Amino acid sequence: MKPIAFVMLTAMSVFGSAAFAGTIHGKVSGVKGESVVYMEAIAGKDFPVPAQHVTINQKGLMFVPHIVVVQKGTTIEFLNSDSVAHNVFWSSISGDKKLGHNLGTWPQGQRQSFKFDNPGIVPLLCNVHPEMSAFVIVSPTPYFAETDNSGEFKIENVPDGAYTVTVWHEGAKSKSFPVKVSGDTPADFTLTK
């Protein structure tokens, strides 16, 4: 009798928690190409630091990929695959110059890593090749998505509730929107340059 009761309680808790998680999906319009949609910090809620590292390659005198979105606490490894030396630096995170950093310069085949503990927009540059640029968007939560080229996005497993979602696009002004998640939640956003 006890094992059956335990199984029923476990099943109820699993299905009960699934009923309180939703999906935010929609489209970012007003801009062309990829945008990033992420949920702002949730009061009183901390999230485990991601164990998996992300790699940004320097290849063909470009940062690859050009846009990377990660959760706060993620370590990014910067790899130089070119036959010339490269540098990685950022002068600020979301305009805060105190958070600027320079990883130095290194040759082909070597890596430098950095753990991004401050949420915000990180504009990457290379001192050696000023035409190189990229962006790291550090989300304060694990709830984020990069849109496809048409602006479509989907963020899954979001607990039901009221949140603030920020939309970022290179060359446009970031904008925040209130979103109330309840199951399958459509949410379209418009940015302006």
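The model is predicted: local features need pLDDT of at least 70, side-chain atom pairs count only at pLDDT 80 or more, and totals for chains, interfaces and linings use all residues. Residues are numbered from 1 along each chain as its sequence is written, and side-chain values use heavy atoms, with hydrogens and water left out.

The C-alpha atoms fill a box of roughly 70 × 40 × 30 Å along the principal axes. The chain has 1 helix and 17 strands. These are DSSP runs, numbered from the N terminus: helices are H or I of at least four residues, strands E of at least two.

An open sheet of mixed pairing is formed by 4 strands, in the order S4-S3-S6-S9. Strands S4 (62–64) and S9 (111–116) stand at the edges; each has a single partner strand, so one side of each lacks a neighbour in the sheet. Pairing requires at least two DSSP bridges between two strands. Strand S3 (residues 54–59) pairs with S4 in the antiparallel sense over 3 bridges. Here Gln58 stands opposite Phe63 in S4.

Contacts were counted for heavy atoms within 4.5 Å. Among contacts between residues at least 6 apart in sequence, 64% join residues at least 24 apart.
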